[in-house]
Amino acid sequence: MSQQQDLSAQINQDFSEVTDLLVALGDKKRLEILSKLITAYHQDPLCVKDLTELTNISRPAVSHHLKILKEAGIINYTKKGTQSYYYIDNVQTNIAKMQQLTDDLLKITC
């Protein structure tokens with residue numbers, strides 16, 4: 001296999017590892033929710049009610065978007081009683097995956 005084919009295979013692998021991440025980040029409402037969670041990163045996690053108030057997005061929509069962000073590995077939650085509190089998670093891992101994709105794309109285009 002040539003170096004070009006190896007790199008192409010690596011880029012395909014890189015894309016497959018970040019597909020869920022890219023899809024999750026491809027929605028303005030999810031980015032708004034994520035922004036609020038990032039702002040609260042060094043404070044207490046936020047519940048659906050908090051996020052609904054901070055974003056003016058309906059409660060069902062916030063829950064839906066949180067599910068997608070969680071499935072993508074961007075956020076996680078902790079339970080306190082009956083409430084779930086959400087927070088940013090896997091930041092370094094997700095950045096490393098995106099950086100790998102970027103680095104490999106630069107290799108093929110430069």
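From the N terminus on, the elements run α-α-β-α-α-β-β-α, a total of 5 helices and 3 strands. Helices (H or I, at least four residues) and strands (E, at least two) are DSSP runs, numbered from the N terminus. This is a predicted model: local features need pLDDT of at least 70, side-chain atom pairs count only at pLDDT 80 or more, and totals for chains, interfaces and linings use all residues. Residues are numbered from 1 along each chain as its sequence is written, and side-chain values use heavy atoms, without hydrogens and water.

**Overall form**
- The C-alpha trace spans about 55 × 20 × 20 Å along its principal axes.
- Of the 110 residues, 32% count as buried (under 20% relative accessible area; exposed is over 50%, partly exposed in between; 1.4 Å probe, protein chains only).
- Among contacts (heavy atoms within 4.5 Å) between residues at least 6 apart in sequence, 54% join residues at least 24 apart.

**Leu25**
- Leu25 belongs to helix α1 (residues 3–25).
- Leu25 counts as partly exposed because its relative accessibility is 30%.
- Leaving aside neighbours within four places in sequence, Leu25 is in contact with Leu31, Leu34 and Ile74.
- The C-alpha atoms of Leu25 and Ala72 are separated by 9.2 Å, at 47 residues apart along the chain.

**Thr55**
- Thr55 sits in helix α3 (residues 48–55).
- Thr55 counts as buried because its relative accessibility is 6%.
- A polar atom of the Thr55 side chain lies 2.5 Å from the backbone oxygen of Leu51.
- Not counting residues up to four places away in sequence, Thr55 touches Glu32, Ile33, Lys36 and Val62.

Definitions and conventions. A polar contact is a pair of N or O atoms within 3.5 Å; within protein, one must be able to donate a hydrogen and the other to accept it, and residues adjacent in sequence count only if both atoms are side-chain atoms.
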